Amino acid sequence: PVKASNTRGTVTFATAGPGSRTTQIFFNTVNNSRLDNDFVPFGEVESGMDVIDRVYSGYKGTVDQGNLQSLGNMYLKKNFPK
């Protein structure tokens, strides 16, 4: 069970499931407690959160994981051009 919460500033490990060979590491830029049952935070940003906020500031909306996995950079360049 997840013992830490996906709060702003935590670094989290995610996987698409057993045997999927798909993993992601992401920074929580907002409180994401809804992810607590599935994704495990393993670290916390100690300094530089302002830099992460600036990097993520241009990306609104959600990522279609299926298209990201199948189309890769082509999907990213089309939907997240910055």
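Glu44 lies in strand β3, where strands are DSSP runs of E with at least two residues and helices are runs of H or I with at least four, both numbered from the N terminus. The model is a predicted one, in which local features need pLDDT of at least 70, side-chain atom pairs count only at pLDDT 80 or more, and totals for chains, interfaces and linings use all residues. Residues are numbered from 1 along each chain as its sequence is written, and side-chain values use heavy atoms, with hydrogens and water left out.

At 59% relative accessibility, Glu44 counts as exposed, given that exposed means over 50% relative accessible area, buried under 20% and partly exposed in between, with a 1.4 Å probe and protein chains only. Not counting residues up to four places away in sequence, Glu44 touches Gly9, Thr10 and Val11, contact being defined as heavy atoms within 4.5 Å. Between Glu44 and Asn6 there are 9.8 Å in space, C-alpha to C-alpha, and the two are 38 residues apart in sequence.

Asn28 is buried, its relative accessible area being 0%. Its side chain makes polar contacts with the side chain of Asn6, at 3.1 Å, and with the side chain of Thr12, at 2.8 Å; a polar contact is a pair of N or O atoms within 3.5 Å, where within protein one must be able to donate a hydrogen and the other to accept it, and residues adjacent in sequence count only if both atoms are side-chain atoms. Leaving aside neighbours within four places in sequence, the residues in contact with Asn28 include Thr7, Arg8, Gly9, Thr10, Leu35 and Met49.

The largest pocket holds about 1000 Å³ of space. Of the 30 residues that line this pocket, Phe26, Tyr56, Gly61, Val63 and Gln65 are the closest to its centre. The elements giving two or more residues to the lining are β1 (10-15), β2 (23-27), α1 (49-56) and α2 (65-71), and the largest share, four residues, comes from β2. A pocket here is an open set of points on a 1 Å grid over the protein atoms alone, where a 1.4 Å probe fits, with protein on both sides within 12 Å along at least five of seven lines, and lining residues have an atom within 4 Å of a point; grid points are joined across faces, edges and corners, and the volume is the space filled by probe spheres set on the points.

As for confidence, the mean pLDDT of the protein chain is 87, and 95% of its residues reach 70 or more, pLDDT being the predictor's confidence in each residue, from 0 to 100.
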